[in-house]
Amino acid sequence: MSEAVEPLPRELLRALRDVVGGLRTRYRSRRFPWQLHLGDPGSAYLTLDAEPGAGLDDALRTEVVGALLARGRERPGVPMVWLTRPGELTWHDLEAAWFAPCRHAYAEAGVPLTLVVVTKRGWYDPRSGQRREWLRLRMR
């Protein structure tokens with residue numbers, strides 16, 4: 001699944017650490033909603049419930065991501081996509097279901113895609129394989 005991509009910028013690494021900490025703080029149980037987010041994880045973003053079995057096919061997912069991208073581009077910079085979900089930091093069918101539609105929507109918009117999967121344990125970038133995991137995460 002790896003492709004040639006630039007390493008994530010330091011500011012984004014800090015923001016993703018905060019997203020992991022936020023999941024740990026907000027959801028005490030192991031189960032919490034699967035969500036797709038688009039925007040800047042350090043500030044403003046749009047969120048969509050992405051539960052498995054929601055009945056969305058690839059074409060509809062591409063349309064949804066394209067619509068979110070159009071709304072997200074009203075702000076400066078290129079919005080990124082991150083998927084928050086319970087479970088371990090391993091490739092899951094849900095990432096596969098959203099990865100291609102995200103690539104297509106971003107390609108149609110002519111902007112580079114940054115997509116990261118976030119759990120309570122850490123995050124990983126399925127495009128490059130870059131990842132970060134914490135057993136104990138101390139928030140600033």
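Colleague: In what order do the strands of the open sheet stand?

Modeller: Start with the general idea. Strands of a sheet pair through backbone hydrogen bonds, either parallel or antiparallel. In this predicted model, an open sheet of 6 strands has the order E2-E1-E3-E4-E5-E6. The pairing is mixed.

Colleague: Which are the edge strands?

Modeller: Look for strands that pair on one side only. Here these are strand E2 (45-49) and strand E6 (131-133). From one strand to the next, the twist averages 20°.

Colleague: In which sense do E3 and E4 pair, parallel or antiparallel?

Modeller: Strand E3 covers residues 80-84, and strand E4 covers residues 115-118. They pair in the parallel sense, over 4 bridges. Follow the partners across. Leu 83 has Val 117 in E4 as its bridge partner. Thr 84 stands opposite Val 118 in E4.

Colleague: How do I read the two faces of a strand?

Modeller: In a regular strand the side chains alternate between the two faces of the sheet. Now take E4. Leu 115 and Val 117 lie on one side, with Val 116 and Val 118 on the other. These four residues are all buried, and both faces of E4 are covered.

Colleague: Which helices lie across the strands?

Modeller: Take H2 and H3. Helix H2 (residues 58-72) lies across strand E1 (35-39) and E2. H2 runs at about 35° to E1. Helix H3 (residues 93-109) lies across E1, E2, E3, E4 and strand E5 (122-124). H3 runs at about 170° to E3.

Colleague: Which residues of H2 are buried?

Modeller: First, the pattern to expect. An α-helix has 3.6 residues a turn, so residues three or four places apart point the same way. In H2 the buried residues are Arg 61, Thr 62, Val 65, Leu 68, Leu 69 and Gly 72. They cover an arc of only 130° around the axis, which puts them on the same side of H2. The face turned away from that buried side carries the exposed residues Ala 59, Glu 63 and Ala 70.

Colleague: What do the buried residues of H2 pack against?

Modeller: They pack against E1, E2 and H3.

Colleague: And which residues of H3 are buried?

Modeller: The list is Leu 94, Glu 95, Ala 97, Trp 98, Phe 99, Pro 101, Cys 102, Ala 105 and Tyr 106. What covers them includes E1, E2, H2, E3, E4 and E5. After H3 comes Gly 110, whose phi is positive, near 75°.

Colleague: Now step back. How many helices and strands are in the protein?

Modeller: The protein has 3 helices and 6 strands. From the N terminus on, they run α-β-β-α-β-α-β-β-β. The radius of gyration is 14 Å, close to the 14 Å that the globule rule gives for 140 residues, so the protein is as compact as a globular protein of that length. Its C-alpha trace spans about 40 × 35 × 30 Å along the principal axes.

Colleague: What share of the residues is buried?

Modeller: Buried residues make up 44% of the 140. Look at contacts too. Among those between residues at least 6 apart in sequence, 72% join residues at least 24 apart.

Notes:
Residues are numbered from 1 along each chain as its sequence is written. This is a predicted model: local features need pLDDT of at least 70, side-chain atom pairs count only at pLDDT 80 or more; totals for chains, interfaces and linings use all residues. Side-chain values use heavy atoms; hydrogens and water are left out. Two strands pair if DSSP finds at least two bridges between them. Helices (H or I, at least four residues) and strands (E, at least two) are DSSP runs, numbered from the N terminus. Axes are lines fitted to C-alpha atoms, for helices over the stretch in contact, and angles run from 0 to 180 degrees between N-to-C directions. Contact means heavy atoms within 4.5 Å. Buried means under 20% relative accessible area, exposed over 50%, partly exposed in between (1.4 Å probe, protein chains only). The arc is that of the directions from the helix axis to the C-beta atoms. The radius of gyration is taken over C-alpha atoms; the globule rule is 2.2 Å times the number of residues to the power 0.38.
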